[in-house]
Amino acid sequence: MTEWLSPAQDAAMRADTVPPLSAGFANRVMAALPVERESLPQARPVRERRGGWARASIALMVTAGAGLVSMAAASTIFGVPIRNMPVVGTFVERVAPAPKVAARAVKPKPKADTPASRPAPVAAPVAEAMVEPAPMMVTRRELQREVVAQRIADRIDRMQARRREQGLPPAPLKLNPQMRERLKAMPPEDRRALMQRVRDVRRERGTAKPALTLEQKAARRAAWQQMTPEERQALREKRAQRRANRVTTPATSSPGLTRSPGVSSTEASPLDSESSPEN
Amino acid sequence: MTVPPMDPQISDDVLMARAGLRDAAAFHTLVERHQDRPYRIAWRMLGDQAEAEDVAQDALLRLWTMAPNWQAGGSGVAAWLTRVATNLCLDRLRRRRFGAHEDVPERADEAPLADAQMMVAERHATAAAAVAALPDRQRAAVILTYYEELPNSQAADMLDLNIKAFESLLLRARTALRATLADLKEASSD
């Protein structure tokens with residue numbers, strides 16, 4: 001087997017035997033097996049004296065500070081009041097609600113059509129000053145108003161053109177319910193401005209009835225002043241009756257844009273060129 | 001910890017798979033099946049029984065640790081233990097050489113000192129001393145090929161050598177061993 005050794009050398013090498021393992025070696029190995037980590041209970045994390053609440057509060061304060069800084073910057077740059085900001089304004093409103101007077105002044109009020117029931121603009125200047133919109137927002141609102149006014153004027157012109165082709169007399173425009181709701185939801189000043197813009201657009205196009213000249217107005221005023229009180233009262237009642245008819249039965253009323261039930265008489269129809277001699 | 005051994009017919013790979021699932025009985029069977037070889041190698045390399053048992057135990061504990069990652073169908077548990085035990089011995093010898101500068105401890109001569117056996121005992125001691133006098137890696141090569149009867153390729157693999165380098169190492173070991181044992185040859189021829 002071992003050609004490189006002589007038999008004597010081989011015998012000497014083979015005679016060098018290994019002493020047997022000590023008794024219980026296998027059991028000692030088994031006893032020395034490492035304990036599995038899974039069997040140990042989970043060690044509780046060591047908490048610092050100032051625990052997670054401190055870190056959380058610091059993070060909260062940093063976030064709130066950054067929010068305040070950005071809010072102030074946005075308010076300064078864009079001129080937007082803090083209450084009008086998209087997200088922050090909600091929180092500000094929740095923490096420090098705006099006075100109710102301002103909210104009531106801005107909210108549109110459907111009122112009866114009589115001039116006597118017009119709300120006195122007492123709190124309006126204060127409210128408008130507090131919620132004065134930024135120039136950018138005003139511009140956007142004016143753009144929207146222009147688009148809506150153009151659309152209403154187009155519709156009126158198309159309808160009147162159709163009626164002329166059919167040989168029918170001019171009739172008031174029947175607004176669809178969505179448009180009527182939108183007009184009702186508008187603040188009174190916006191609605192007034194929109195109607196005025198519709199009238200202007202139609203006058204620019206030459207499709208509206210021409211406005212009264214100063215002479216015509218003066219003649220009407222003179223005629224009004226010459227009337228007896230009974231005649232004036234009769235004329236007022238007649239006009240009130242006509243307005244009531246417009247509200248209840250728009251289709252049968254006089255030519256012009258129909259007023260929605262919620263629209264007060266202060267917002268004149270774009271076609272309503274019958275200015276009162278009282279004015 | 002006393003664990004009853006399992007069926008000796010079960011293959012090493014199956015036992016290793018069970019040991020990977022932390023089956024102590026399976027590993028106990030493996031220990032009893034393979035404890036001798038790492039111990040033998042360590043004893044011949046280190047020349048000390050306690051240290052040899054330490055090496056064997058260390059190798060077996062490493063086997064337990066790596067059991068969950070054991071790849072079946074490889075060279076086998078015995079080969080793995082041989083490689084680990086050899087490297088552990090080389091590490092210890094290296095540390096011993098750079099540490100306490102101790103010589104290899106003399107083995108206790110357990111043979112009876114009867115006159116009839118004095119010559120044989122002397123020859124055994126000479127052979128053991130000749131092996132112990134070899135450099136570490138040459139000694140490992142001789143132990144693996146001569147005593148453990150491993151083929152050269154496998155022994156080269158154990159020592160992380162290519163076959164050519166291992167054969168060169170083994171040739172140098174045999175030459176040195178023959179030179180040391182030349183007296184025995186002459187004595188036997190006389």
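Biologist: Hi! How do the axes of helix α3 and helix α7 of chain B cross?

Modeller: This is a predicted model, and in it the axes of α3 (residues 36-46) and α7 (residues 136-147) of chain B come within 10 Å and cross at roughly 140°.

Biologist: What do you call that arrangement of α3(B) and α7(B)?

Modeller: Oblique. Angles over 145 degrees would count as roughly antiparallel, and the crossing of these two is roughly 140°, so α3(B) and α7(B) are oblique to each other.

Biologist: And is the crossing of α3(B) and α7(B) left-handed or right-handed?

Modeller: α3(B) passes α7(B) in a right-handed crossing.

Biologist: Nice. Which residues meet there, in α3(B) and α7(B)?

Modeller: From α3(B) you have Ile41(B), Arg44(B) and Met45(B). On the α7(B) side they meet Arg139(B), Ala140(B), Ile143(B) and Tyr147(B).

Biologist: Staying with α3(B), how many of its residues are buried?

Modeller: Nine of its 11 residues are buried, so α3(B) is largely enclosed by the rest of the structure. Among them are Ile41(B), Arg44(B) and Met45(B), which also take part in the contact with α7(B). Pro38(B), Tyr39(B), Arg40(B), Ala42(B), Trp43(B) and Leu46(B) are buried too.

Biologist: What comes just after α3(B)?

Modeller: Gly47(B), which takes a positive phi of about 75°.

Biologist: OK, which residue other than glycine has a positive phi?

Modeller: Arg22(B) is one of them, with phi near 65°. Arg22(B) is in the loop between α1 (12-20) and α2 (24-34) of chain B. Glu149(B) is not a glycine either, and has a positive phi of about 55°. You'll find Glu149(B) in the loop between α7 and α8 (152-158) of chain B.

Biologist: Is Glu149(B) buried or exposed?

Modeller: Exposed, because Glu149(B) has 9 C-beta neighbours inside 10 Å, and the cut-off for exposed is 12 or fewer. Arg22(B) has 15 other C-beta atoms within 10 Å, so Arg22(B) is partly exposed.

Biologist: Let's zoom out. How many helices and strands are there in chain B?

Modeller: Chain B has 10 helices and zero strands. Buried residues make up 35% of its 190 residues.

Biologist: What share of the contacts in chain B comes from residues 24 or more positions apart?

Modeller: That share is 59%, taken over contacts in chain B with a separation of 6 or more.

Biologist: Switching to the contact between the chains, how many residues does each one give?

Modeller: Chain A gives 24 residues and chain B gives 34. On the chain A side, the elements that give two or more residues are α1 and α2 (25-31) of chain A. The largest share of that side, seven residues, comes from α2(A).

Biologist: And by class, what is on the side of chain A that touches chain B?

Modeller: There are 16 nonpolar, five polar and three charged residues on that side.

Biologist: One last thing: which residues are buried in α1 of chain A?

Modeller: In α1 (residues 7-15) of chain A, the buried ones are Gln9(A), Ala12(A) and Met13(A). Looking down the axis of α1(A), those buried residues fall within an arc of 100°, so they line one face of the helix.

Biologist: Why would residues three or four places apart point the same way?

Modeller: Because an α-helix has 3.6 residues a turn.

Notes
Residues are numbered from 1 along each chain as its sequence is written. Chains are lettered from A and ligands numbered from 1 in the order in which they are written. This is a predicted model: local features need pLDDT of at least 70, side-chain atom pairs count only at pLDDT 80 or more; totals for chains, interfaces and linings use all residues. A residue is buried if 20 or more other C-beta atoms lie within 10 Å of its own, exposed if 12 or fewer, and partly exposed in between; C-beta atoms are placed from the backbone. Helices (H or I, at least four residues) and strands (E, at least two) are DSSP runs, numbered from the N terminus. The arc is that of the directions from the helix axis to the C-beta atoms. Axes are lines fitted to C-alpha atoms, for helices over the stretch in contact, and angles run from 0 to 180 degrees between N-to-C directions. Angles under 35 degrees count as roughly parallel, over 145 as roughly antiparallel, 65 to 115 as roughly perpendicular and the rest as oblique. A crossing is left-handed if the near helix is turned anticlockwise from the far one by less than a right angle, and right-handed if clockwise. Two residues are in contact if their C-beta atoms, placed from the backbone, lie within 7 Å. Ala, Val, Leu, Ile, Met, Phe, Trp, Tyr, Cys and Pro count as nonpolar, Asp, Glu, Lys and Arg as charged, and the others, Gly among them, as polar.
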